[in-house]
2 protein chains.
Amino acid sequence: MENVVYSGEGVRKYDFAVISQDVDFTGHAKISSLICNILNAAGEDARRHGFGIGELSKRNLGWVLSRIGLEVDRALAENEPYTVETWVTDYTPLRTTRCFRLVDGDGKCFGRGVSYWCLLDYVKRSLAPMDSVRSFADTSITDIPHPCADPVKLRPLQVDPCSSHKVKYMDIDFNRHMNTLRYVELMLDEMPIDFVSGGSPVRCDFHFLKETLLGDTLDVLELVEGESYRFELKRADGNVAVLAKFSHLPCNVL
Amino acid sequence: MENVVYSGEGVRKYDFAVISQDVDFTGHAKISSLICNILNAAGEDARRHGFGIGELSKRNLGWVLSRIGLEVDRALAENEPYTVETWVTDYTPLRTTRCFRLVDGDGKCFGRGVSYWCLLDYVKRSLAPMDSVRSFADTSITDIPHPCADPVKLRPLQVDPCSSHKVKYMDIDFNRHMNTLRYVELMLDEMPIDFVSGGSPVRCDFHFLKETLLGDTLDVLELVEGESYRFELKRADGNVAVLAKFSHLPCNVL
């Protein structure tokens, strides 16, 4: 996809650097730290354009990340600067699509992603129609192509749990829901350490289905399929909270 | 201690701000994020003055945090800037003492700490005499007073574990040892959420005794003593890894 021109109106850039808290034992950025800053860029981009969570919360609305597919070609070293480029491509009645490109200090694209977001009505505790933010968001839609494949469909697993996790103080965000990053960390912790820290190109897909609250217990289900790792995080009430898949990518064949 | 003048030769200042990853569900900086940046300031200060871990590792030496006592008067809000002031007060044959003051954007001191550090010889896997770095470190010693009480002595607990934790990918630092911050997080997760997130003045003391490695299992022992919470993190081989105590402080009576 490197021949696509990602510039002009609608692509916004947010600068980051790999800080000491981001690196794993190899001295390279954990994939969870990239996801963290991708979400930070999305949040800041929405805020700057009038549809951030601060503005929406006045109307009892909030963004919920529904799915994200993400490709990362290499692991960045500590102190490396990088830019998250982001743009919005469309609104359907129940979701909007936001794309990302990760660009390193040499201007080389080393990652890309496509995410789907829904609106949550905090009073009704249900999804809100995307029309609720059309007035804010209309000016943001671009016709720039998606930089990689959309998030793949994932299905629940038929395996026994490999571990379980009780949701505690360090896990929760301002809604007292388990933080997206902590879900990702739970899964990184279950994969072979060489897979997670090796720096080989990786594709990961996440589907966030149900919230998890302080005090809930999550079972972690894992299924190894060839060189891919599939996960299900399941609440004690039997509801699936998160589905995910991590695979190695062939390098430079994206 | 506010009448002590903390300025001049030997006190160095490192600037931080509360970023989104630092805040808990109340929107205020978790105490673990302050400890993280206190350790970042210590590491950077050592590096800038020629005795950082990069320089020491060439001689198979490294710094190990042995004890720290820390007082925090209030919880900072997201985006608040703050400065970690740090200075070294002395070298004994087996340890050096580094002090900290936390200063908010209005110039008001809102926290302070005293820490003891030892030198580890990575080849012998034992403590190294502080003389090994005297040539680097001599110029750093100041006679500035400690900003609060030194780390208190702590004793092991005689209680059953309240939880256990297996050390995984997200927990380990460049030595494949459990990261200091993850120990702190394990303890924050076991205290009442109102104590941890309330923003009342708190004093915490940590004593780090033994390392914990990838794959080890840690038992978490907790003892509530009045309004204080005492912890022991114990390895499966029976060795104590960490002792700690968290207490509410009377405000402005430090």
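Because the model is predicted, local features need pLDDT of at least 70 and side-chain atom pairs count only at pLDDT 80 or more, whereas totals for chains, interfaces and linings use all residues. Residues are numbered from 1 along each chain as its sequence is written, chains are lettered from A in the order in which they are written, and side-chain values use heavy atoms, with hydrogens and water left out.

As for the interface itself, 26 residues of chain A are in contact with 26 residues of chain B, contact being heavy atoms within 4.5 Å. About 2,400 Å² is buried between the chains, and carbon and sulfur atoms give 57% of that; buried area here is the accessible area (1.4 Å probe) that two parts lose on being put together, summed over both. Three residues stand out: Phe25(A), Tyr169(A) and Met170(A) supply 33% of what chain A buries against chain B, more than any other three residues.

Polar links turn up as well. Between the chains there are 12 residue pairs in polar contact, both residues at pLDDT 80 or more (a pair of N or O atoms within 3.5 Å; within protein, one must be able to donate a hydrogen and the other to accept it, and residues adjacent in sequence count only if both atoms are side-chain atoms). By class, the side of chain A that touches chain B has 10 nonpolar, seven polar and nine charged residues, with Ala, Val, Leu, Ile, Met, Phe, Trp, Tyr, Cys and Pro taken as nonpolar, Asp, Glu, Lys and Arg as charged, and the others, Gly among them, as polar.

Turning to Ser200(A), this residue is partly exposed, with a relative accessible area of 37% (buried is under 20%, exposed over 50%, partly exposed in between; 1.4 Å probe, protein chains only). Leaving aside residues up to four places away in sequence, Ser200(A) touches Val72(A), Asp73(A) and His248(A). Asp73(A) sits 127 residues from Ser200(A) along the chain, yet their C-alpha atoms are separated by 6.6 Å.
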